[in-house]
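Please keep the sequence and the 3D view at hand while reading.

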Amino acid sequence: MRIVTVTNQKGGVGKTTLVCHLALAGRERGLRTLVVDLDTQGNASTMLARDAAVARQPGGSAALFAAAPIAPTLLPSGLHLLHGHQWLDEVDQRVGLADATRVRERLQALPYDLVVIDTPPAIGIRHLGPQVWADLVVTPLEPNSFSLLALGQTLATLEEIRTIRPGLENRILINRFTRSSGQQNRYIELLGAHVPLTRPYLTLRVAVSDALDEGVPVWRFRRADRETRETWMELCGGLIGG
């Protein structure tokens, strides 16, 4: 089993879009794939289930932190889902990091080849725990001053987690990149001076979100240009494949 956690302490950087594409890429490769949505907004759940009502139901990913049986929902796409919902805030209030660490064993006991986890932006057990469980943590960043300022805190958190998980791998991913922006290119240069950046960079494309609205990854979206399709397929394949 490979566990991939997508996380960033800042919202609005494209985490959920990446989670959905990684999961769909895994399914296309014939991997038994589980999506764990730990965000109270449940956007990944809504996108993948194509049903807004799923994020208004209790249960789902909260079962990972309780004695309750873990019962993922099978979606028409063939993905399995532990959905997110508003009651997940209670997890941060009642679960400690030591208890959350043991969730990795519960996940590994499930019959999946790939687990993809979406996390909330706020620091808490639902943000930290999934990084402890992961084999790979993917941190998408937009090339701007806010990402540069937050990077130190992100890396410090990962170093703390490596005291528990020494083999943890991390990839820093540039998302929503505009090639013609000199300012963005300067920020990428500054970021790259501190950490290795994963290639290819993901450019800002409306087709990516439009594809998910139709329930398909962008490489299956008829209105996406060839470069966008190939870039997303290459990136997602590399991340889930190790």
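## Salt bridges

A salt bridge is a side-chain nitrogen of Lys or Arg within 4 Å of a carboxyl oxygen of Asp or Glu. The model is a predicted one, in which local features need pLDDT of at least 70 and side-chain atom pairs pLDDT 80 or more, while totals for chains, interfaces and linings use all residues. Residues are numbered from 1 along each chain as its sequence is written, and side-chain values use heavy atoms, with hydrogens and water left out.

In the whole structure, 16 salt bridges are found. One of them pairs Asp-92 with Arg-126, whose closest N and O atoms are 2.8 Å apart. Asp-92 belongs to helix H3 (residues 89–94) and Arg-126 to helix H6, so this pair ties together parts 34 residues apart in sequence. Helices here are DSSP runs of H or I with at least four residues, numbered from the N terminus. Arg-126 is buried at 4% relative accessibility, whereas Asp-92 is partly exposed at 30%; buried means under 20% relative accessible area, exposed over 50%, and partly exposed in between, for a 1.4 Å probe and protein chains only.

Arg-162 and Glu-159 also form a salt bridge, at 2.7 Å from N to O. These two residues are three apart in helix H7, which means that about one helical turn separates them. In a further salt bridge, Arg-222 meets Glu-214 at 3.4 Å. Arg-222 is exposed, with a relative accessible area of 65%, and Glu-214 is partly exposed at 33%. Salt bridges with shared partners also join Arg-2, Glu-169 and Arg-171 into one network.

## Pockets

On a 1 Å grid over the protein atoms alone, a pocket is an open set of points with protein on both sides within 12 Å along at least five of seven lines, while a cavity is a set where a 1.4 Å probe fits but cannot get out; lining residues have an atom within 4 Å of a point. Grid points are joined across faces, edges and corners, and a volume is the space filled by probe spheres set on the points.

The largest pocket holds about 220 Å³ of space. Its lining has 13 residues, and Gly-12, Lys-15, Thr-16, Gln-41 and Asn-43 lie nearest its centre. Helix H1 (15–28) and helix H2 (43–49) are the elements that give two or more residues to this lining. The second largest pocket, of about 160 Å³, has Gly-14, Asn-175, Arg-176 and Trp-232 among its lining residues. Helix H9 (residues 206–213) gives the most to that lining, with three residues.

Two cavities of 30 Å³ or more are present. The largest cavity has a volume of about 60 Å³, and its lining includes Arg-179, Glu-227, Thr-228, Thr-231 and Trp-232. The second largest cavity holds about 40 Å³; residues lining this cavity include Thr-7, His-127 and Thr-157.

Helix H10 (residues 226–241) has 16 residues and spans 22 Å from its first C-alpha to its last, close to the 22 Å expected at 1.5 Å a residue; the expected span is 1.5 Å times one less than the number of residues. Thr-228, Thr-231 and Trp-232 are among the buried residues of H10. At the start of H10, a side-chain oxygen of Asp-225 comes to within 3.1 Å of the backbone nitrogen of Glu-227.

Key:
Polar contact = N/O pair within 3.5 Å; in protein donor to acceptor, adjacent residues only side chain to side chain.
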